[in-house]
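Please look over the chain shown here before reading the notes on its packing, its charged pairs and one of its pockets.

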Amino acid sequence: MKIIKRILNSELFINKPPVLIDIGASGEINPKWKKIARYSICIAFDADDRELDISENKTGKYKKLLTINRVVSIDNKETTNFYLTSSPFCSSTLKPNKEKLKPWLFSDLFEIEKTVSLPAISIQDSLNQIGVDYIDWFKADTQGTDLRIFSNLPATIKNNLLAAEFEPGIIDAYEGEDKLHSVLGTMDKFDFWLSSMNIKGTQRYNDSSKLFTKFTTKRIIKNSPCWAEVTYLHTDNLEDKRQLLMLFIFAVLERQYGFAIEVAEKGLRIFNEQIFEDCKKSVISQLKKERLKIPLVIFKKQLNKILSKIND
């Protein structure tokens with residue numbers, strides 16, 4: 001949408017650009033941020049055992065991309081144990097729960113190959129060193145510690161977050177991990193609503209006799225929920241112009257067009273400025289464009305629901 005470019009090119013965001021944090025990126029920064037990358041400061045954490053290094057990537061994809069080579073911690077310890085597993089995507093500061101993983105098809109991915117001690121740093125200390133005192137979108141995929149990292153954020157930062165993204169477990173994959181039910185319960189206490197939940201999983205089948213190949217098993221046995229990707233957006237009870245405009249953009253990126261209109265309406269009531277009217281119009285225009293991709297009858301029902309909610 002052109003409105004996103006217009007907003008992020010305004011003085012409000014040139015002076016205070018979006019700040020996006022990705023913890024556990026595994027080499028790939030959150031793809032949801034692609035449309036706003038060139039206007040944003042992205043801080044990504046990538047653990048290794050070298051001296052502390054905060055390096056700036058000058059690829060041009062982001063206004064500023066900073067990589068911090070540290071494990072994110074929630075205490076003041078300078079090092080933490082890190083369990084390197086057969087799949088690098090399953091490595092964690094938490095020990096895989098070998099006994100609980102036994103029945104599952106993907107259990108071999110969690111086999112511990114090596115345990116190392118890696119340097120650690122808190123989010124607050126990282127931000128202090130960078131010179132940033134706010135976060136707009138928080139994303140964590142740390143294999144079991146997402147919620148505790150979020151909960152440990154300073155109140156001033158946590159209360160002003162506009163989007164929060166987690167990947168909590170459903171089964172017991174790690175010892176003492178933050179599970180989905182804990183994320184749902186905790187986030188209910190804050191001014192967030194659940195924008196999306198993508199349930200992921202595998203088959204509960206791990207036959208030591210190898211009667212069937214994994215390929216055959218995957219085609220026959222139904223997937224069971226094992227973890228989830230969840231994204232929260234802040235509610236629209238905001239009265240700050242920058243936050244409302246940023247929340248509008250995040251809603252659009254999440255394809256939450258109904259909520260984007262709600263946010264634009266809220267901004268229009270408070271500030272009575274043309275930009276919020278244009279935000280609303282841009283979403284309506286986008287809805288009309290996308291109706292070509294779905295049957296007209298279904299589109300009309302969806303659009304009528306959104307418009308009736310606005311009129312109420």
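Predicted model: local features only at pLDDT ≥ 70, side-chain atom pairs only at ≥ 80, totals over all residues.

Residues are numbered from 1 along each chain as its sequence is written, and side-chain values use heavy atoms, with hydrogens and water left out. The protein chain contains 12 helices and 11 strands, these being DSSP runs numbered from the N terminus, with helices as H or I of at least four residues and strands as E of at least two. Of its 312 residues, 47% count as buried, where buried means under 20% relative accessible area, exposed over 50% and partly exposed in between, for a 1.4 Å probe and protein chains only. Among contacts (heavy atoms within 4.5 Å) between residues at least 6 apart in sequence, 68% join residues at least 24 apart.

**Nonpolar cores**

- The largest nonpolar core has 42 residues, and those with the most contacts inside it are I7, I36, F248, I249 and F250; such a core is a set of buried Ala, Val, Leu, Ile, Met, Phe, Trp, Tyr and Cys residues joined through side-chain atoms within 4.5 Å.
- At least two residues of this core come from each of α1 (2–8), α9 (241–253), α10 (257–271), α11 (274–290) and α12 (296–311), and the largest share, 10 residues, is supplied by α9.
- I249 is in contact with I4, I7, L8 and I36, when its neighbours within four places in sequence are left aside.
- A second, separate core holds 32 residues, including I23, F45, A164 and A228.

**Helix α7**

- In helix α7 (residues 180–187) the buried residues are L180, V183, T186 and M187.
- Seen down the axis of α7, these buried residues fall within an arc of 135°, so they line one face of the helix; the arc is that of the directions from the helix axis to the C-beta atoms.
- An α-helix has 3.6 residues a turn, so residues three or four places apart point the same way.
- The buried residues of α7 pack against α5 (146–151), β9 (163–166), β10 (192–202) and β11 (224–234).

**A163 in strand β9**

- A163 is found in strand β9 and counts as buried, at 0% relative accessibility.
- Not counting residues up to four places away in sequence, A163 touches D136, W137, F138, F192, Y232, L233 and F250.
- The C-alpha atoms of A163 and F192 are separated by 8.1 Å, with the two residues 29 apart along the chain.

**Salt bridges**

- The count comes to 11 salt bridges, taking a salt bridge as a side-chain nitrogen of Lys or Arg within 4 Å of a carboxyl oxygen of Asp or Glu.
- K32 and E165 meet through their side chains in a salt bridge (3.5 Å, N to O); K32 lies in the loop between β1 (19–23) and β2 (41–45) and E165 in strand β9, so the pair ties together parts that are 133 residues apart in sequence.
- K32 is partly exposed, with a relative accessible area of 27%, whereas E165 is buried, with a relative accessible area of 9%.
- K32 also meets E254 in a side-chain salt bridge (2.8 Å, N to O); because E254 lies in the loop between α9 and α10 and K32 in the loop between β1 and β2, this pair ties together parts that are 222 residues apart in sequence.
- E254 counts as buried at 12% relative accessibility, and K32, E165 and E254 are linked in a network of salt bridges.
- The side chains of E290 and R255 meet in a salt bridge (2.6 Å, N to O), linking distant parts of the chain, with E290 in helix α11 and R255 in the loop between α9 and α10, 35 residues apart.
- E290 is buried, with a relative accessible area of 12%, whereas R255 is exposed, with a relative accessible area of 51%.

**The second largest pocket**

- About 370 Å³ of space lies in the second largest pocket, where the volume is the space filled by probe spheres set on grid points that are joined across faces, edges and corners.
- On a 1 Å grid over the protein atoms alone, a pocket is an open set of points where a 1.4 Å probe fits, with protein on both sides within 12 Å along at least five of seven lines, and lining residues have an atom within 4 Å of a point.
- The second largest pocket is lined by 20 residues, of which F89, F110, Q143, E167 and W227 lie nearest its centre, and the largest share of this lining, 3 residues, comes from β11.
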